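Hi everyone, thanks for coming. Let me put the structure up, and then we can walk through it together.

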Amino acid sequence: MASSLFKSLLQSSKFSLTTRSFSLVSSQLGNHTAKWMQDTSKKSPMELINEVPPIKVEGRIVACEGDNNPALGHPIEYICLDLAEPAVCKYCGLRFVQDHHH
């Protein structure tokens, strides 16, 4: 699916690549994912981020930057915490939940 999406993006753009250079890009995409799947003794990035417990927040909205250092984080994502289940940041995968004080 990713390769067909990439092809359609290339066709719709004003830049064109030859078939030869595209085949190089598609093989690099496949190898990138494969390197994470080869060593099963190591945890994947998603497994590591899922081990972090949900972060409790007092307010209804949280601003996630991924890291305290802006150079290491991601664009600010404002997340609404009105739902009962933890809300997930679309950039880093951190989960947030509203801390209810009764």
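Let's begin with a pair of strands: β4 (residues 87-88) runs antiparallel to β5, with two bridges between them. Here strands, like helices, are DSSP runs numbered from the N terminus (E, at least two residues, for strands; H or I, at least four, for helices), and two strands pair if DSSP finds at least two bridges between them. Before I go on, a word on the source: this is a predicted model, where local features need pLDDT of at least 70 and side-chain atom pairs count only at pLDDT 80 or more, while totals for chains, interfaces and linings use all residues. Residues are numbered from 1 along each chain as its sequence is written, and side-chain values use heavy atoms, with hydrogens and water left out.

Back to our two strands. Val-88 has Arg-95 as its bridge partner in β5. Together β4 and β5 make a hairpin with six residues between them, and in the turn Gly-93 has a positive phi of about 85°.

Which other strand pairs with β5? That is β1 (residues 55-57), which pairs with β5 in the parallel sense over three bridges.

Now look at Gln-98, which sits in β5, residues 95-98. Is Gln-98 buried or exposed? Gln-98 counts as buried because its relative accessible area is 17%; the cut-offs are under 20% for buried, over 50% for exposed and partly exposed in between, with a 1.4 Å probe and protein chains only. Leaving out residues up to four places away in sequence, Gln-98 touches Val-57, Glu-58, Gly-59, Arg-60 and Leu-81, where contact means heavy atoms within 4.5 Å.

For a contrast, turn to Ile-76, in the loop between β2 (61-64) and β3 (77-80). Ile-76 is partly exposed because its relative accessibility is 41%. With Ile-61 and Tyr-78, Ile-76 forms a nonpolar surface patch of about 350 Å² of accessible area together.

Finally, the whole chain. What pattern does the chain follow along the sequence? The order is α-α-α-β-β-β-β-β, from three helices and five strands. Of its 102 residues, 16% count as buried. Among contacts with a separation of 6 or more, 35% join residues 24 or more positions apart.

That's my tour, and I'm happy to take questions!

Terms used. Patches are made of residues with over 30% relative accessible area and no salt bridge: like charges are joined within 9 Å, nonpolar side chains (Val, Leu, Ile, Met, Phe, Trp, Tyr) within 5 Å. Accessible areas come from the Shrake-Rupley method with a 1.4 Å probe; for residues, only the protein chains shown count as cover. A salt bridge is a side-chain nitrogen of Lys or Arg within 4 Å of a carboxyl oxygen of Asp or Glu.
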